[in-house]
Amino acid sequence: MQLEKTNIILGITGGIAAYKTPDLVRKLIAKGAKVRVVMTESAKEFVSPLALQAVSGNPVSDDLLDKDAEAAMGHIELARWADKLLVAPATANFMAKLTHGLADDLLSTLCLATPAPIVIAPAMNQQMWLADATQANLKILEQRRIQLLGPAQGEQACGDVGPGRMLEPQEIADLLAQQIFEQVLAGKRITITAGPTREEIDPVRYLSNHSSGKMGYALAIAAQELGATVTLISGPVNLLPPAKIKTISVSSAQQMHDAVMQTTHDCDIFIGCAAVADYRVQQKTNQKIKKSDSELTLTFIKNPDILSDVAHLANAPFTLGFAAETQNLREYALGKLQRKKLNMIAANDVSDSTIGFNSEQNALSVFWSKGEKKLDVADKQLLARQLMRLVAQRYTEDTND
Ligand code: C5P
């Protein structure tokens with residue numbers, strides 16, 4: 001019974017896939033969950049509250065202003081009761097409401113009032129799913145750690161074919177059970193570096209690189225989903241700090257090095273995902289450099305290698321490094337694995353401009369001393385989840401050796 005002792009609020013919004021929700025309730029209960037159903041007004045056009053009451057064994061809630069329902073289990077109490085709030089199907093309209101924090105009915109109010117993680121299983125026409133507004137909302141929701149199940153590709157009720165179908169009830173129940181029970185990094189402390197560093201040349205200029213920080217941030221979220229306590233040490237990026245993750249902002253490689261070294265004494269896993277500048281200007285000037293001569297010569301000195309320094313500590317945590325390469329991926333990655341004394345290295349081919357730096361997608365080849373695994377092109381958050389599972393596996397096997 002994978003969902004034993006798990007209280008789930010199932011929020012149902014008004015899409016045709018709502019007709020599958022009595023089956024979803026049964027699948028969740030079959031795994032041991034306790035389910036309370038909350039419906040929006042339009043959901044009731046697609047599926048009967050009575051059917052949902054019968055299968056869940058609990059009264060269905062649908063009204064924020066119902067005195068009797070509030071007296072039985074008020075909305076704040078209901079919000080606190082939940083271990084997970086699952087919205088399935090989640091319409092485009094509901095996703096938009098969630099993005100903007102509207103609270104004009106019971107379900108949207110619960111989403112603001114619950115401390116429980118929110119999971120959505122979207123269902124809508126493929127054009128609506130691909131619409132810029134929906135995709136922009138999705139990005140914000142993912143940044144806020146709202147988890148996404150699906151949607152699946154395929155034939156839709158309207159006759160279109162494409163992404164937007166709700167996952168099948170069994171798939172939703174299986175994925176939810178996996179998420180709840182895969183707390184394989186519970187009690188572990190993980191430090192992750194992300195983004196670029198900035199090396200100042202004078203008060204107005206600096207040297208940096210194209211790293212967006214997306215992969216490091218996605219890894220921090222994935223690690224926390226698996227139960228780890230995460231510290232994210234980030235260079236300057238255009239991303240919101242992930243909710244509930246301790247995020248330390250730094251600018252230069254030296255600052256990143258100092259911040260990392262302060263966390264390593266109680267760190268189980270260290271992931272160096274930042275694109276750290278290898279060099280800094282030897283002598284930063286206090287005044288703006290004037291363009292007087294036809295040439296300008298600056299002398300650079302080497303920055304500390306943060307990852308290597310951590311991996312060489314006497315009591316080193318389990319270390320994962322990254323290698324961005326334009327050629328000989330395997331050979332260079334394996335060289336770094338050895339030279340820096342790492343436990344694992346994830347290499348990506350940055351000569352392909354559709355993946356890697358600044359893109360939404362990435363693909364990785366992961367190497368460790370006794371094996372390797374390819375993670376195919378995928379959205380960075382999805383890839384980060386796959387990579388974190390692999391790290392957790394390797395970490396557990398290494399520490400049990
Ligand atoms: O040697 P290279 O820069 O290719 O190694 C990349 C890996 O080393 C990345 O994981 C990066 O975060 C880390 N690194 C570091 N400090 C540096 C340079 C790289 O932590 N000064």
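# Chat notes on a predicted model

User: Hi! Where is Pro-89 found?
Analyst: Pro-89 is in strand E3, which takes in residues 84-90. Helices here are DSSP runs of H or I with at least four residues, strands are runs of E with at least two, and both are numbered from the N terminus. Residue numbers start from 1 along each chain as its sequence is written, and this is a predicted model in which local features need pLDDT of at least 70, while totals for chains, interfaces and linings use all residues. Side-chain atom pairs count only at pLDDT 80 or more, and side-chain values use heavy atoms, with hydrogens and water left out.

User: Good to know. Which residue does a cis peptide bond join to Pro-89?
Analyst: That would be Ala-88, and omega for the bond is about -5 degrees.

User: What about the bond from Gly-150 to Pro-151, cis or trans?
Analyst: The Gly-150 to Pro-151 bond is cis, with omega near 0 degrees. Pro-151 has its place in the loop between strand E5 (147-148) and strand E6 (152-155).

User: Where does Lys-341 lie, and what is its phi?
Analyst: Lys-341 is in the loop between H13 and strand E17 (344-349). Its phi is positive, about 65 degrees, although Lys-341 is not a glycine.

User: Now the ligand. How many residues surround it?
Analyst: There are 13 residues around the ligand, and the closest are Gly-272, Ala-274, Phe-322, Lys-336 and Lys-340. A residue counts as near if one of its heavy atoms lies within 4 Å of the molecule. Helix H12 (306-311) and E16 each supply at least two residues of that shell.

User: What lies 2.4 Å from an oxygen atom of the ligand?
Analyst: A polar side-chain atom of Lys-336 does. A polar contact is a pair of N or O atoms within 3.5 Å; within protein, one must be able to donate a hydrogen and the other to accept it, and sequence neighbours count only if both atoms are side-chain atoms.

User: Which backbone atoms does the ligand reach?
Analyst: A nitrogen atom of the ligand is 2.9 Å from a polar backbone atom of Pro-304. A ligand oxygen atom is 2.9 Å from a polar backbone atom of Leu-307.

User: What does UniProt place at Cys-158?
Analyst: The unreviewed UniProt entry places the feature "active site" there. UniProt positions follow the numbering used here, feature names are shortened, and annotations may be inferred rather than shown by experiment. In the model, Cys-158 is in the loop between E6 and strand E7 (161-165).

User: And which residues does the "domain: Flavoprotein" annotation cover?
Analyst: In the unreviewed UniProt entry, that annotation covers residues 7-179. Over residues 7-179 the chain is 44% helix and 20% strand, with the end C-alpha atoms 14 Å apart.

User: Is Trp-129 buried or exposed?
Analyst: Trp-129 is buried, with a relative accessible area of 7%. It lies in helix H7, residues 126-130. Trp-129 and Gly-162 are 33 residues apart in sequence, and their C-alpha atoms are 9.3 Å apart in space.

User: What happens at the start of helix H2?
Analyst: A side-chain oxygen of Ser-48 reaches to within 3.1 Å of the backbone nitrogen of Leu-50 at the start of H2 (residues 49-56). After H2 comes Gly-57, with a positive phi near 75 degrees.

User: Last one: how many helices and strands are there in the chain?
Analyst: The chain has 14 helices and 19 strands. Of its 401 residues, 49% count as buried, and its C-alpha trace spans about 80 × 55 × 40 Å along the principal axes.

Definitions and conventions. Buried < 20%, exposed > 50% of the residue type's maximum accessible area, 1.4 Å probe, protein only.
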